Amino acid sequence: MYLVSQYIRTKTDSVVIFSGEGSDELAQGYIYFNKAPSAEEADAESRRLLGDLYMYDVLRGDRTTSAHGLELRVPFLDHMFTGYYLSLPSDVRRAKDGIEKYTLRKAFDGTGLLPDEILWRPKEAFSDGVSSLKKSWYETLQEYVEEQINDQMMEDAPKTFPFNPPRTKEAYYFRQIFEKHFPSKSKWIPYYWMPRWSKTNDPSARTLKHYKDSS
C-alpha cells in the first residue's frame, strides 16, 4: 500500500483516495469466513475484527497514505452504513456457497454497475493482485526471506523476541525491521493477525486450502 500511495503521489494529481478498508471485516470478506462453524460465530468474528481495525488495516492504510501526503477515505466504515449492515440478521451476512461478502456482492447484482466477472470473482490475495501472472509477489518474498533468515534464528525466536515471537521466516524478517525503527515497542501490536478456523501459521490467504481451490 505504501508503494501504491507513492505511485499515486508521484504520477497523478490525486490527493483524496477512496479505499475498501473495512469491507472484509464488516462484510465477512476474508476467505476463512467460509470455514465459520455458524452464522453466530462469523458475526462475533466480524465484530471483533472491526473493533481491532485501528491496530491493523486502518492503521496501515492511514500511515502508508499519509506518508505521501494523501488523504484516505473509507466509505465501507461509514457509521450509518456499518450500523445498518450489522443490523442485518447474522445468517444473511455470512459467506454463502463458498462466496465471501455474499450479501454485499448481491446488492450490486443485476445493476450493471459491475461486470459479473468482477462482482463474483473469488477474493484474491493482495500479493497476487499486484504481481506478475507468472510469479506471485508472495512466492518472490518467500524465496528472499529464506536466504535472509536461517533455521537457527527461528529456533531462537522466542528468546530474541519474547513477546509474540514470529512463527515464520517472513514474520521474523519484518519483525527485525520493526525492532530497528521501534525498539522495545512490540506490545503496540497485541497479537498476530491470523485466520480463524484454519490450520496455518501464516496470515497470508495464499496458505489457505479454499484459496488454492478457488484460484
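Trainee: Quick one to start: is Y30 buried or exposed?

Mentor: Y30 is buried, because its relative accessible area is 11%. Buried means under 20% relative accessible area, exposed over 50%, and partly exposed in between, using a 1.4 Å probe and protein chains only. Keep in mind that this is a predicted model, where local features need pLDDT of at least 70, side-chain atom pairs count only at pLDDT 80 or more, and totals for chains, interfaces and linings use all residues. Residues are numbered from 1 along each chain as its sequence is written, and side-chain values use heavy atoms, with hydrogens and water left out.

Trainee: Okay, how many aromatic pairs are there?

Mentor: The count is 16 aromatic pairs. Rings of Phe, Tyr and Trp (its six-membered ring) pair if their centres lie within 6.5 Å; planes under 30 degrees apart are stacked, over 60 edge-to-face, and the rest tilted. Take Y30 and W193: they pair edge-to-face, at 4.9 Å centre to centre with 65 degrees between the planes.

Trainee: Where do those two sit in the chain?

Mentor: In distant parts, 163 residues apart. Y30 is in the loop between α2 (23-26) and α3 (39-52), and W193 is in the loop between α13 (169-181) and α14 (209-214). Helices here are DSSP runs (H or I, at least four residues), numbered from the N terminus. W193 counts as buried too, at 18% relative accessibility.

Trainee: And which residues do ring pairs link into a cluster?

Mentor: Y30, Y32, F33, W193 and W197.

Trainee: Switching topic: how many cavities of 30 Å³ or more?

Mentor: Just 1 by this rule, with about 40 Å³ of space in the largest cavity. A cavity is a set of points on a 1 Å grid over the protein atoms alone where a 1.4 Å probe fits but cannot get out, and lining residues have an atom within 4 Å of a point. Points are joined across faces, edges and corners, and the volume is the space filled by probe spheres set on them.

Trainee: What lines the largest cavity?

Mentor: E25, L49, D52, L53, Y56, D57 and W193. By class that lining has 4 nonpolar, no polar and 3 charged residues. Ala, Val, Leu, Ile, Met, Phe, Trp, Tyr, Cys and Pro count as nonpolar, Asp, Glu, Lys and Arg as charged, and the others, Gly among them, as polar.

Definitions and conventions:
On a 1 Å grid over the protein atoms alone, a cavity is a set of points where a 1.4 Å probe fits but cannot get out, and a pocket is an open set with protein on both sides within 12 Å along at least five of seven lines; lining residues have an atom within 4 Å of a point.
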